[in-house]
Amino acid sequence: MIEIVAPIFAVILAGYLFALWRGVDKAGTRLLNEYVLYGALPALLFVAVARADPAELQQWSFMGATLAGIGAAFVLGLLAARAAGAAMPRATIPAMAASYGTTGYMGVPILITALGTGAAVPAAIATILHNVPVIMTVILINDLLARRDGPGGAGGAIGGALKATLTNPLTVAVAAGVVVSVSGVELPRSLALFADFLGAAAGPTALFALGLGLAQLDASALLDRRRIATILPLIGIKIVIQPLVTFVVAVWVLGMSTSDPWFVAALIMAAQPIGAGVFVFASKYQHFEDETSVAIIASLLVALVTLPILLAVYAA
């Protein structure tokens, strides 16, 4: 199983070393990330969902277990942040770190590598489930509390939150794929070839960009004890509690088999390290920025150990 995971982390390392060699700055990393976010990854998710049998999109147990893990992690993260002294709505950023994984950057290529191209559909659905509820919750709470006395009021805050979510390229790609799949319309060959060609770059490019980003973190921040004490509970919730809750709900409550590929997809996606998207929101709301940077790289290092174990046990 190490042979499956090693190339993924090797690409991240290549990106890290390339950034050190060529002096790639944040603008360069941001450009590559935008290429993945607005081009390659939506193409991959669109064509995967569009080719799926509609029956495959009705995996209620998979969705229930995934959402249960996300919800439990978010609430526990919120409680941990409040216990550490963070006020509302600032506490939503640590809560997001505890529940929002690197599903697009790492989860999709890991699942496809481990389970084959058939895993693209559960990976696509899991990516949306991991993105939409958490992003919507964070935006709604922050914008509602910040704008409740503004000219737009609560209605303006809710409208802004809905617009941000519905215009997310990943959401649009999956929604378009669902429309094609449910309608039974056959994709034009030229469009399918274009999406296949563009989407094939999503995994390696996203992992390479993640390596670029890691090279720009301040290594001294990793040694700050206060930051370590703040982020450790969040990493524990994200890496241990979220997949544990997903496992319990999937197997003991919803009766899924541990050999079911949909169960494996739910578990592996729940066990992903903290997603880089959390830093975007930490910067947007100007809270927990340094801690988020450290938490992302620390959770990635922990996942280097935990993910291969889960893959070896459940995806072999």
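Q: Is Gln272 buried or exposed?
A: Gln272 counts as buried because its relative accessibility is 0%, where buried means under 20% relative accessible area with a 1.4 Å probe and protein chains only. This is a predicted model, in which local features need pLDDT of at least 70, side-chain atom pairs count only at pLDDT 80 or more, and totals for chains, interfaces and linings use all residues. Residues are numbered from 1 along each chain as its sequence is written, and side-chain values use heavy atoms, with hydrogens and water left out.

Q: Where is Gln272 found?
A: Gln272 sits in the loop between α12 (261–270) and α13 (277–285), the helices being DSSP runs of H or I with at least four residues, numbered from the N terminus.

Q: And what does Gln272 touch?
A: Leaving out residues up to four places away in sequence, Gln272 touches Gly101, Thr102, Thr103, Met106, Gly107, Ile110, Lys238, Ile239 and Leu307, with contact meaning heavy atoms within 4.5 Å. A polar atom of the Gln272 side chain lies 3.5 Å from the backbone nitrogen of Gly107.

Q: Switching to α12, how many of its residues are buried?
A: Nine of the ten residues of α12 are buried, so the helix is largely enclosed by the rest of the structure; the buried ones include Trp262, Phe263 and Met269.

Q: What caps the N-terminal end of α12?
A: Asp260 does, through a side-chain oxygen that lies 2.9 Å from the backbone nitrogen of Trp262.

Notes:
Helices (H or I, at least four residues) and strands (E, at least two) are DSSP runs, numbered from the N terminus. Buried means under 20% relative accessible area, exposed over 50%, partly exposed in between (1.4 Å probe, protein chains only). A polar contact is a pair of N or O atoms within 3.5 Å; within protein, one must be able to donate a hydrogen and the other to accept it, and residues adjacent in sequence count only if both atoms are side-chain atoms.
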